[in-house]
Amino acid sequence: MSKEPTIEEYIQNIEDKQFRAYQCGGCGAIIAPPQGCCYTCGGTEFKWTQVSGKGTLVSFTVIHIAPDEFQNEAPYIVGIVDLDEGTRITARLLGWDPNTPKEIEVGTKLVLDYEESDVGRTHLAFRAA
Ligand SMILES: [Zn+2]
């Protein structure tokens, strides 16, 4: 494991179902997805940190028209999730029907999961806790 986290490792960790976030060496802020500098203190030194995988749904949308790569997976739900550690990420939402989005409630407590696509990619995903 290298000391300096990279975006390539971040993506590989998701593929390996071992999601981790950056932690700022300056102020300890938890950061995901990767940024060039800490959005709290502007620091540029990071290390990997484990996160609980718990979060809260902030917003969501149903994707009907997807990028070519994901078109055969549409419709699917993409949510904005506040992790308990204090960073905000975008991920698929699982366990709801994208055809009945009114059943999805903002504020729902979520837990980290993963979704494997038809083309063998792994996406970050969350489902209701
Ligand atoms: Zn910082």
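**Close-up 1. Strands β7 and β8 form an antiparallel pair in this predicted model.** Strand β7, which covers residues 109–116, and strand β8, which covers residues 122–128, are joined by seven bridges in the antiparallel sense.

**Close-up 2. An open sheet is built from three strands in the order β2-β1-β3.** The pairing in this sheet is antiparallel, and its edges are formed by β2 (30–31) and β3 (46–50), each of which pairs on one side only. Strand β1, residues 20–24, is held to β3 by five bridges, and one of the residues involved, Arg20, has Gln50 of β3 as its bridge partner.

**Close-up 3. Four cysteines donate to the zinc ion.** The SG atoms of Cys24, Cys27, Cys38 and Cys41 are the protein donors, and they lie 2.3 to 2.4 Å from the metal. The site is tetrahedral, with angles of 100 to 115 degrees among the four donor atoms, and along the chain the donors follow the spacing C-x2-C-x10-C-x2-C. Because Cys24 belongs to strand β1 while Cys38 belongs to the loop between β2 and β3, this pair ties together parts that are 14 residues apart in sequence. Cys24 has a relative accessible area of 3% and is therefore buried, the limit for that class being under 20%. Cys38 likewise counts as buried, at 3% relative accessibility.

**Close-up 4. The largest nonpolar core contains residues of both domain 1 and domain 2.** This core has 28 residues, of which Tyr10, Phe19, Ile89, Leu93, Leu110, Leu124 and Phe126 touch the most other members. At least three of its residues come from each of domain 1 (7–50) and domain 2 (54–128). When residues up to four places away in sequence are not counted, the contacts of Phe19 are Tyr10, Asn13, Ile14, Ala32, Gln50, Val51, Leu83, Ile89, Leu112, Tyr114 and Leu124.

Terms used
Residues are numbered from 1 along each chain as its sequence is written. This is a predicted model: local features need pLDDT of at least 70, side-chain atom pairs count only at pLDDT 80 or more; totals for chains, interfaces and linings use all residues. Side-chain values use heavy atoms; hydrogens and water are left out. Two strands pair if DSSP finds at least two bridges between them. Helices (H or I, at least four residues) and strands (E, at least two) are DSSP runs, numbered from the N terminus. Donors are N, O and S atoms within 2.8 Å of the metal (3.2 Å for Na, K and Ca); water is not among the atoms, so sites may look incomplete. Four donors count as tetrahedral if all angles lie between 85 and 135 degrees; four count as square planar and six as octahedral if opposite donors are over 155 degrees apart and all others between 65 and 115; anything else is irregular. Buried means under 20% relative accessible area, exposed over 50%, partly exposed in between (1.4 Å probe, protein chains only). A nonpolar core is a set of buried Ala, Val, Leu, Ile, Met, Phe, Trp, Tyr and Cys residues joined through side-chain atoms within 4.5 Å. Domain bounds come from an automatic or database domain assignment. Contact means heavy atoms within 4.5 Å.
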